[in-house]
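Have a look at the sequence and the fold, then follow along.

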Amino acid sequence: MSKTDKKLINLNKNEFIDRRIEENEKFPELNIRLDTIDSVLLLLNSQEEMVLINSLKHIMEYVRRNEENVTLLKEKNLLNLLLEKELYRQINSVLVKRLSLYLTSFIMENINCLLELDTSKIREIVQLCLIFYLEEPDDFCCEYLSVILNKCLVDPQVVEMVLNDNEFVLKYFSTIANSTNPDVLLHSMELMKKILLVIDVEEKRNFIALHSFPLNRILCELNSEYFDIRKSVLKVLQSLVTDPGPNNVLNQEPWCSFLLEQLTNMFCESLLTEELHILVEVLAATLEQELMISLFFELNLFDKFNLRITDGSLIESEIVCKALWVLAECAKCVKFVPRLVSSDLTEKLLECLLNDDNNPAAHILLGLNRLMKSPQASKRIIEAYDQNLLSKILKLLNDKEINIKTREQAANFLENLLSYAFHKSISLILDLNFSQILSDVFAQAPEERSIDLLLSLLNTIEMITGNADYRKKICANSSLISNIGLLLMNSFSSAILVTNLFRCLCSIVDEEVIHQLLLEAYLCSSIKRALQSLSNQVKTAATNFIMQTTRFSLLLAAYIDSGVLEILLLHQKHAYCVPTWTPAIESILSKSPTLKFCIRNTLGFTDITGGSDFMVSKKKFDDFRILQCILKEEVSPLHPVIVVNFLRITPPENLVVKVPINCHQKDELSLGSESKEWCYCRSPGDEFLPKYLARVNSMLEFENLALNPSKLKRTVDFDNIAKRAKIIAQVVAEALGNDLESLDLNTTEECSYQKVNCHLKELCMELHCSFIPLGRIRSGCQFERAILFKTLADQVGLPCTLQRSVDGRILFNELPLPVELEQDVHCDKNTMTFMPWRLLRPTHIVDLMYNVGEFTFIEQKNLKAMFFQLICILITCTHFAKAGQSLTTAIHRTQAAQERINDLKCFKCDTMEDGEACVDVSNTTNFRHKCEGEEFICMVKRFSYTTSTENSTSSPKMWSLDRRCAVNCEPGCIVIGERTKLYACTSCCETSLCNTGKGSASSLLYRRVETGIGTLLSLLTVRSFLRYIS
């Protein structure tokens, strides 16, 4: 291209006008038809105000058409889109802000914030609204922001976030105080109502106590010309007056007087039904405080209010009955009750209650309950029985469609009626099938009843069942008893309800017809659950119930078989915080001497073995459940079980088990060849025990020592206890002394246990069972004799105990003989005669083996010789217990051993004779002694004891120390006793002068004595020694 051409082009280009500049300066209007909502939503991203205004208007008109459009917009995430734009708060156009806030509020009002929005989204919305509220001066925007915040305040944490924004609170209070826009004021009041409903009492007090709180404006708006504003203000005041604290501004003058006057004047002047309903609710809430009630009467507002009720201007009866709520609250103050009664309030309340058109509200019954304090009102209410008042009350109780508060007040009203006129009321109530109504209420679902309703009905049952005749009528309804039992099983979420259920059961348990019904309703399971509850109140109620019901054999057996006793025993630590825990255990064990003796190894003076079977096993069980299983299951234990029963002469036919001959063993077939079948019975009859008892009674009558049967348990014949005990002991010795040698106190021989054991085995073979009736035993030592003595003593009214030794092989009896009454000025036989048996203390042990009928004083002090005799018997019996053979000291040695030269030397001394010098012999030559013959061992034998309390155990205290040569020596310790333990410790060595130690028990092997200590003297000596050193 030439230069000329190029230049021409440039020139031509410069000659054209640039039209783009003109186009940008003025863009012509463009109208486009949009067919989908998605297209409109895209326009919300525009930066031009007119586009936003038209789009928002279009969407606003769209959502106003129907609710389905709102749902569609929610699906299109319009709310999220607006939040992303921060509700256009940074746009200068006020109209855009108003439209965006309107759409947001409209969407928020049509969603459930709790279900459709998570907490983070709600907090995001609230945070944005708070910022927007602080920046925006426009009233309409603030109105819409109030609506949005009101919808979001569903979580206390969100409310806390709002209240912590001090700048927002100040502007919010300022808006309420200064706004002239009714809509802004209305929605601001709605927001305050929501805040007051969510926050707790303390936060409410702090909120109201703020200096800028607009209380003046709130009270002034009671006279607003707009009903919606007055309604919102009343709701706000209703929340404010519920705080009875002295720091509440509305409880202080002059605000409280002004508030009462304003509310009363509004009630007297208002003609709107809805407003009257709200006014009554607020005024009733205000009068819940006695201060307000006093002001209500002092300012003569009561007369003004009562006049509006009685002048006939309130045409609707519903409004009149609702207005009585205010007067019912006034009846809380007792000093104004006469004035209320004189104003015919009783008649008005009864008229509303007996009106068949409507179900009465709770305040009607509340007012009647409070007016029952007036005799005049109570008399009028009783007269209303002729108007079917009781029928109306019972109908309210059973109708689950009625408000639960009304039913609660009906139950309280019924309780008050019974308190005022019991016999007249109860006869009519029972005729109206009250027991079935109670059953139906107890059977209702938990959401259809309340704890307060159940508590009132349970108290009513207690009142009724205090009368034996009415109790029978109540308990005749089996469904009621079953439903009470089921209610107990399902009510452990409320400790107070469970406690009252147990107390109610205590009031009806005297009717034995209900026992089986309660057991079928899982009573024992409920008791076990209560005993394992975390509430001490529940555990106390359960143990109290157990204590009151163990007198019934059916319930007692259920407690033992179902595991109630087991839980009581396994959790005895609860006795520290539940004072009735241990008495509950004793109440069961006192009725079951068999289990008590197995568990406690003792029967006291008040534990009687008569009545049902008393069984004692020859074996001592560490776990009572083993014996319980043996007694329950159809088994025959390895060790004999002695059965005591004075009432059963022959075994019951239904308990006799017949064993066919094909089930017998070969040795049994040879013994029973004459019979085709054998029989056995675990509850055998005993024809000999009644004869022993008759023998005792005849001897007592002969000696003029028999007591009047009516005085057996009421008095204690201290003068003749010893004489009567000696007679019983003689009968016991005669009955159980066959083939047994009479031994004196100085012998070292034991009772022939082999003969007794063989005799018991023969009886087991004869009876084909290990359950042996006591009367069939002819040879017995301490074990069998102590049982017979206890059973006979119980039958003739002689206070006596039965104790078991630590190893469980010996039983003995204790008696409460008077000791030095003449020297004790505090003892008087005339008064001690009527001493309860539970206060008696054992003083003597009766000898049933050697000096039959003699007594050993438990606190006897001269025990040294007897103590050493016991130790000798213990040591010599140890080998007998291990080997199960007769005692012997013969030792077999080889020829080489017999030719061995004995050059061993040992220390030989005894602290009982040589004193303290024998304790430490390491630096002395005085006690050296050359051993002789077969004495190839040096021995140290130490006797010591320890005493224990609940919290500590003392260190071992030495009684004596013995050093010498020995033929045999077994190192170790023998331990006797429980709280006070006696130790016989032995150490051995085989080198010259090696027995320098102190026979310390710390390095030796301890073992309990498991020998059959055959003499009663040994047992008496142990007990006396332990009592002496303690």
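Q: Are Cys973 and Cys985 buried or exposed?
A: First, a word on the numbers: this is a predicted model, where local features need pLDDT of at least 70, side-chain atom pairs count only at pLDDT 80 or more, and totals for chains, interfaces and linings use all residues. Residues are numbered from 1 along each chain as its sequence is written, and side-chain values use heavy atoms, with hydrogens and water left out. Buried here means under 20% relative accessible area, exposed over 50%, and partly exposed in between (1.4 Å probe, protein chains only). On that scale, Cys973 and Cys985 are both buried.

Q: Which strands hold Cys973 and Cys985?
A: The two cysteines form a disulfide (a pair of cysteine sulfur atoms within 2.5 Å), with their sulfur atoms 2.0 Å apart. Strands (E, at least two residues) and helices (H or I, at least four) are DSSP runs numbered from the N terminus. The pair ties together parts twelve residues apart in sequence, because Cys973 lies in strand E16 (residues 972–976) and Cys985 in strand E17 (residues 980–989).

Q: What is the handedness of the disulfide of Cys973 and Cys985?
A: Look at the torsion about the S-S bond, which is about 115°. That value makes the Cys973 and Cys985 disulfide right-handed.

Q: What is the handedness of the disulfide between Cys906 and Cys938?
A: The sulfur atoms of Cys906 and Cys938 sit 1.8 Å apart in their disulfide, and both residues are buried. The torsion about this S-S bond is about -80°, so the disulfide is left-handed.

Q: Which helices does the disulfide of Cys321 and Cys352 tie together?
A: Cys321 and Cys352 are joined with an S to S distance of 2.1 Å. Cys321 counts as buried at 18% relative accessibility, and Cys352 does too, at 10%. The bond links parts 31 residues apart in sequence, because its two ends lie in helix H21 (residues 317–330) and helix H23 (residues 345–354).

Q: Which residues of helix H28 are buried, and where do they lie around the axis?
A: Helix H28 covers residues 422–431, and its buried set is Phe422, Ser425, Ile426, Ile429 and Leu430. They cover an arc of only 120° (taken from the directions from the helix axis to the C-beta atoms), so they fall on the same side of H28.

Q: Which exposed residues does the face of H28 turned away from its buried side carry?
A: The buried residues of H28 pack against helices H26 (389–398), H27 (404–420), H29 (434–442), H30 (451–465) and H31 (468–475). Contact here means heavy atoms within 4.5 Å. The face turned away from that buried side carries His423 and Asp431.

Q: Which residues does Glu275 touch?
A: Glu275 is found in helix H18 (residues 273–286), and at 5% relative accessibility Glu275 counts as buried. Not counting residues up to four places away in sequence, the residues touched by Glu275 are Phe227, Arg230, Met266 and Ser270.
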